[in-house]
Amino acid sequence: MQIFHRSTNTISRVSLFGAVFFIGILLWLFYDLEASPWTTQQNVARNQPLQFSHAHHAGAIGIDCRYCHTSVEKAAFAGIPPTKTCMNCHSQIWAQSPYLEPVRASYRTGESLQWNRVHDLPDFVYFNHAIHVNKGVGCETCHGRVDQMPLMWQAAPLQMAWCLECHRNPEKYLRPKDKVFTMGFLPAEDQLTMGRRLRKEYGLRSEALLTTCSTCHR
Amino acid sequence: MKKPKPDLVPIPPGQDRRVPVIEPGYTFASVTDKIGQIVLTRRTPVFWFFGFGISFLLMMALLASIGMLLFRGVGIWGVNIPIGWGFAIINFVWWIGIGHAGTLISAILLLLRQEWRTSINRFAEAMTLFAVACAGLFPVLHMGRPWLAYWLLPYPNTMALWPQWRSPLVWDVFAVSTYATVSALFWYVGLIPDFATLRDRARRKGFQIVYGMLSLGWRGSAQHWHRYETAYLLLAGLATPLVISVHTVVSFDFTVAITPGWHSTIFPPYFVAGAIYAGFAMVLTLSIPLRKLYGLEDFITLRHLQNMGKIMLATGLIVGYGYMVEAFMGWYSGSPGELYVTLNRMLGPYAKAYWALILCNIVTPQTLWFRKVRSTPWILFLVAMVVNVGMWLERFVIVVTSLHRDFLPSSWGMYHGTFWDWATFIGTIGLFLSLLFLFLRFLPMISIFEMRTLVPEAEVREEP
Amino acid sequence: MSDGARETGNGEKPGTQSRPGLPVYPPPAAMPPPDPLEPQPEVLDFRALALRRADERGGRPWRSLEELANTPEFSAMLHRDENAVALDPSGVDRRDLFKYLGASFALAGLTACTRQPTEKIVPYVRQPEEIIPGGHPLTYATAMTLGGTATGLLIESHQGRPTKAEGNPLHPASLGASDVFSQASLYGLYDPDRSQTLLYLEEIRPWPAFLGAIHAAIEAERAGRGAGLRLLTETVCSPTLARQIQELLKALPEAKWVQWEPAGRHNAREGARLAFGEYVEAIPHFDRADVIVSLDADFLSSGPAFLRATRDFSSRRRVGADGAGLNRLYAVESTPANTGAKADHRLPLRAGEVEGFARQLAAAVGLGEAGAAGVGPSAPERVKFVAALAEDLAKHRGRSLIVAGDGQPPAVHALAHAMNAALGNVGATVEFAAPPEAQPSDQLADLSALASDMDAGRVRTLLILGGNPVFTAPADFRFGERLQKVGLRIHLSPHVDETSVACHWHIPEAHFLESWSDARAFDGTASIVQPLIAPLYGGRSAHEVLAATSTEPERSGYDVVRDTWRPFLGGADFEAAWRRALHDGVIPGTASVSKNVTARAVPAPAPAAPPASGGLEVIFRPDPMIHDGRFANNGWLQELPKPLTKLTWDNAAIVSPATAGRHSLAKEDVVRLTVGGRSVDAAVWIEPGHADDSVTVHFGYGRTRAGKFGTGAGFNAYAIRASGALWIAAGGQIVKTGATHPLACTQMHQNMEGRDIVRAANVADFVRDPQFAHRLTKSPEDGETMYPTYPSDTHAWAMAIDLNQCVGCNACVVACQAENNIPVVGKDQVRRGREMHWLRIDHYYGGEPANPQHYLQPVPCMHCEKAPCELVCPVEATVHSAEGLNDMVYNRCVGTRYCSNNCPYKVRRFNFYHYSTQFRAPSLQMLTNPDVTVRWRGVMEKCTYCVQRINRVKIDSEIGNRTIRDGEITTACAQACPANAIVFGDLSDPASRVAQMRKDPRTYALLEELGTRPRTTYLAQVRNPNPALPEPVRRDWPTSFREETGQL
Amino acid sequence: MTDFERHPDEGRPLYGLMAEFESPTELLAAARGAYESGYRKMDAYTPYPMHELTEALGIKPTKLPWLVLAGGILGCCSALFMMWFSATIHYPLNVGGRPLASWPMFIPITFEVTVLFASLAAVFGMLGMNGLPMPYHPVFNAPRFALASRDRFFLCIEVADPNFALEKTSLFLANQGARVVSEVEE
């Protein structure tokens, strides 16, 4: 006696193959999700308590990065400017602007401004700005065209694979030390030839050492 | 797969000639119905509910202890420095060992054309799967951070990292998962024709559909049988080296390490022998009560029990040889560490466990030399039980006594299982039995279509 | 393949099925799950904390805490919950609960998304110049006082959080080394159990209320010119405090000042007076002595400036191929201690017999009349010993040194002085100077006078500045009950302790890192004690309390200290001199000049104590770790294995094997120890080498009001310590109670089992065969390997440890703990063999069980070039760095513990529980070193050669385009080591010290026969025994399989 | 007794003629007979595998073994390549000072993956070649066909066979000693 209808033949085969594909796709989806901006927050502009525009300050006015991020050349942490730094100018310029009230308030009360962190490396990584800046890694290389960001966002995924990409062949990214803080830098010569030269010049360590675990993890 | 011609059937010499692999008077129909009945009957026997209930409670204990483990951390176990591995790995090896009989019976005995395998291979394979399931839990649970177990698998990730291929633990992952997969396939392939039988016997629509789906529409076509047997044979051929390799790889967990008492070349062979040993012990422990409860004495005859007894005796002797070589090497290696570990096993704080295991694994099985013992089910059952315990003790001795006193006396320590250690272990026994009871209830515990080949009717009378 | 895995995962494993979504997701880049306890990962946590400073007065580093005041961490710290540091790890408390939630989220697969919570960045409003967030920590010089002398320290401060103590190279008592107490003082600073409020009869009072009360009391005393006023302090070595007290006494001449130091040096002082008629400090120069005799003196781990003593002593244990320059140490010892362990000849003697021995020796070295009396009959080998020793001393006139222990009666000290004089050592190997303490006194007499005064009701006001007399005073003074007869009782102490609860007023005492003061070192050198942080709990210093009694009650400690030094440092450029003093940590020209003293005739022996046949001799000693009990609540010190016994979290009644046999005692048996009619129940510990018929008890334990860690740990030896027999009591009785008390020991097995672990030889054999250490094992030569050699084009870090110099003082262990955020796990976990110390000091016995030789060996990670641990890690969590480090990547570790199983040195440690928060109240979180990861539950950890220090220097040198100088990078252990036994450096630089030491013939690698090629190597031990004496044979104890006690 | 009744209202096309036998011997004989008399498009249905049928029905040897071999080789190569690539090219790390490509340590995994792929090839190859799963099949329409999985032996000659002619074939089958010969509809 016949238990199943003719159609079940097709259905059963389709579902059999379907299951395999489905699981495969699911896995691929998870991996993609993990690398996606949804996880990394890449290219997501963060709101800030204060409408501070890098595009204006760094881009239009052309203030040097180091004017605010003072410790970038000598410490692991680039440094977030104290309210005092803002007031250096804004006690004169836009001194009465309502936009800047939070700054003045902070300066009056001694209450810090509370910024939302944009570049938040994965935990258990010890990143040091000083060594990168001193070895000719430009701000732009990791932070993107800050001079074109009204609100700051994270230009790179900041995931380990991304770090390794540069640690494995730095010559792709190195630039002359005097160009570290310039935005939109275009090398006169071929990046690779320049990179190889600079790599020698800066005495960068071997790839083995640059990709050693304890270089970043302790 | 083979047509029994009396003159061709290799009947081993000795008393066994008189004990057939299936009692006379059975026909295609009676065999089919007798086995099919167990599954298709509406009335589930009382003892089933009883047994399943108890096993289920034990399984709950397992879940509880796993929950506790994940909440508090492996600290709830007895492990420490220097004894980084405790019950978890002991149980892992024990279960994996038990999980060897099924595939071995199905594959190797098939290749050796041992027809008596027919009536026991089905539930032996099931037992294998469930044992492997239990075993598979432990390597995951014993990790400090079990939820990261998938880091041992190769897959694309944002850290650009891979497993460390030189670590035997990674080999384990591949070996155990492969073994589980292949055994499962082997088991299922064997079930397909029987599913068809059940589909055709089942009266309730639901069962018809379920078994119908599982049978994939098997219709016993000669074409299909032809390919089917080829595939089955090939699988057997593949599973045979696999089954050997799995416990070899498990033994690598120890031999690759430099710890005295672990770092030894005898481990792979004697681990494999031990696995077969333990596996058959467990098959006996299960089959003896089962044939009684389900009245299958006609199918699982004394011949089966006797043969399994003989195999246990043989493998038991190999294992014994393993122990001797270990002790010998301890002295012969000339390394103080090795010698100390060997002596420490016999005289140290864990001497009791060591001598107990010698008693269980070497002394007790010697009784199997006597036909009386081999042909008395309840004695066989006791012997098998003792061997089960002994094999667990063996793993305990290997894992603990080697670690607790290694190279630097300054960091020697002691190990004792905690409540949670025991709860987890007993819990897995619960898991094992629960699965087994479900299997008995819903799947044919004996391969029906293979049994048909054994009844006299199956004889084709060729006209000369 | 993953198909197969999934097949099993979904199809055949109900077990895995029951835990959904477990192995499917891609990995989080960090350690999951997001633990609600640490909303921010530890590393960033402190950067954020540091940035939380929004105060214009933020110029000085210690101000930062005020900014912290509004952070949840800080408030949590103020009202910390009892569970935060619950001692029982198996107890489920709130923090655990959150942890569970975290874990269960993990199971739910939530960990798969590594989206990090949005963090705040909180910059300064006005940034102080010297603070660079994420930059180098700042270092300040200060000094720590203990037992009446000071040790100079350099304290590391991360954005206002003191995190690490190092020795001050400019300070004579330190020379850059540090001891366990100064290292652990940081833990004491953040101790969550410190008293936090000013109390009057257990009720909170404001400071002004106290000012009123004290003022009234002082005014009341003026009538009787202070007759009813008593001042009780510990031994004072602070010039400022002394000045303040003197001023008070000037105002109230009838008032009395009593000093009491339970572990004080009265005997040394009285001995000096016996010998010279005045209090003088003997300043030994161990580096100048060829032959050293210790009369029950543990000068390598206790006493004033034992750091300096160790440095000097071990400088003479460095041995060249010719074996020249090695000094020789004879130790006459009752309780085995580090000094005896290092001795070339050790004679176990009951403490009571040491005086007799000293007289014999005195006689033998020619002090005839001294030897005349008091020499009892003695064993022949003892006579032989004395003869040989005397001969050796005579051979080394002017180059020998005899020191007596603080536990020995004054007579022994006097004899030592006399012998040194007779041997012409005075001025050569020993000098004399004015004592560092402001007012040397017979503390015991003073205290008993005070006790009787209190009893007679003659004391109306008692001002107790520090110390815990109710707990530490001799039992027969019944100090606690007599104290109740005092009208007004004021107590200044860091904790609400036994004394505080017996007083009206309790004043929380500021930690020395929170307050201004000054202190003198053993040689009189003065240092300014400067604070690194504002008082966490509003504590007050003794100076401020004394100021309260003066005419200007509100004068700050800062001003008071400056007042003291203004005249000395010269008025003109006082500020400059002051700043220099602060910067250097020492005040030039304050060291006391050596004075010429002449020894009088050696005193006649006191009537001999009743022979010991009456019973056991009870020896009292301060605990090697928690001292007189003041550190009872210091987790680091509690968990630090005591030098030879390796006990933690407890003290014990220590007896010799023979004595134990006679009383049929086993380890952990509880006995009732009775002496002088008082008794206490104590757990027994058996220690080879202890004098027979003698039991040692360490006082300091058995606190009833110490805090989570201290309260209830061990037994109170003070209870049987009477003024009559402060250090040695005869006629003790010992009775088994039948009970047992579990003891947590970190090394159960102290027998080398005939393996060449610590390699040693006598100097003669060494000279004959300098390569002896190599000959012991057959190990593969460099060529003999099938593995490739990884070319090192860069640094090759390595460590060399000279076993001849190590004295086993434990400084390295606790320094490592402080540097690397190593958690405290508690007694139960230690008993389970789960202590976390990355660096341990192994101790083995050899030779005669009655008088064994001791072998000490610090064991950090060996950083094997062919590391067995790396081979078996399934996830590349431990791999080799290009510079030869054995890296451990915590966030990759899944915790299979395979690496630990396969580590032949067993130097790996595992987080079986969430130790990093288990015992860490929020205040202790502030102790964390931000440069080192805080490890998560289920993760393996181990010595990293302080990779954070390596990286810091590397980055600096790369930025500065310079090469790294040898010694520029040093590990925490090497930096702390007072014996200079540990040297760290770059092997690729042939000129480096470590490369040089590797060339030393004594160099060998531990278990080198395994072919692991360790980067950490040892220099074998070379003893220098007296040929005239039976050579102590290096014989191992017979192999034993005995089951160890003490393990769970 | 054979019966030729056929319901004219049944419009379904015919699949073949199903003959039922009681013993393997009879079936074998019938099969041989059918083959000799030129029938090719036919199949036998038995409760257990009967080797004799293979030659009796002229079934060609299967290609399955080659498929399995291919699977094994694929598994072997992919495993080896994965390990070699990841350990030496993608992220070379110094692990315990061992060579980057420490091939002896790669053997176990290579072997396991080989076996896995081969087994998968065997099983799914077999199912695929047999056209399974196929829950619906015309033969199930045959009455009493359920007994094919119990104790009856069936031989089905399909309409597709050139020699097929309803009367002739059914008569032929009947003569072969079939207990029942029934028409099977698509």
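Buried here means under 20% relative accessible area, exposed over 50%, and partly exposed in between, using a 1.4 Å probe and protein chains only. This is a predicted model, in which local features need pLDDT of at least 70 and side-chain atom pairs count only at pLDDT 80 or more, while totals for chains, interfaces and linings use all residues. Residues are numbered from 1 along each chain as its sequence is written, chains are lettered from A and ligands numbered from 1 in the order in which they are written, and side-chain values use heavy atoms, with hydrogens and water left out.

**View 1. C:Arg935, a buried arginine in a loop of chain C****.** Let us start with C:Arg935, which counts as buried at 2% relative accessibility. Its loop runs between helix 32 (922–925) and strand 35 (940–941) of chain C; helices (H or I, at least four residues) and strands (E, at least two) are DSSP runs, numbered from the N terminus. The side chain of C:Arg935 makes a polar contact with the side chain of C:Glu941 at 2.9 Å, and one of its polar atoms lies 2.8 Å from the backbone oxygen of C:Thr933. A polar contact is a pair of N or O atoms within 3.5 Å; within protein, one must be able to donate a hydrogen and the other to accept it, and residues adjacent in sequence count only if both atoms are side-chain atoms. Not counting residues up to four places away in sequence, C:Arg935 touches residues including C:Trp838, C:Tyr890, C:His914 and C:Glu941, where contact means heavy atoms within 4.5 Å.

**View 2. C:Arg382 in helix 15 of chain C****.** Here is another buried arginine, C:Arg382, with a relative accessible area of 12%. Helix 15 covers residues 380–395. Beyond residues up to four places away in sequence, C:Arg382 touches C:Leu347, C:Leu349, C:Glu353, C:Gly356, C:Phe357 and C:Gln360.

**View 3. B:Thr364 in the loop between helix 12 and helix 13 of chain B****.** These helices span 351–363 and 371–374. B:Thr364 counts as buried at 18% relative accessibility, and its side chain reaches the backbone oxygen of B:Leu359 at 2.6 Å. Leaving aside neighbours within four places in sequence, B:Thr364 is in contact with B:Leu359 and B:Val386. Look also for B:Val387: 23 residues separate it from B:Thr364 along the chain, and their C-alpha atoms are 7.9 Å apart.

**View 4. B:Phe254 in the largest nonpolar core****.** A nonpolar core is a set of buried Ala, Val, Leu, Ile, Met, Phe, Trp, Tyr and Cys residues joined through side-chain atoms within 4.5 Å. This one has 351 residues, and B:Trp165, B:Phe254 and B:Phe439 have the most contacts inside it. Helix 6 (residues 168–201) of chain B gives the most to this core, with 19 residues. Leaving aside neighbours within four places in sequence, the contacts of B:Phe254 include B:Trp85, B:Trp262, B:Phe267 and, from chain C, C:Tyr898.

**View 5. The interface of chain A and chain B****.** Finally, 10 residues of chain A are in contact with 12 residues of chain B. The two chains bury about 980 Å² between them, 75% of it on carbon and sulfur atoms; buried area is the accessible area (1.4 Å probe) that two parts lose on being put together, summed over both. In chain A, A:Ile3, A:Phe4 and A:Tyr31 lose the most area to chain B, together 50% of what that side buries.
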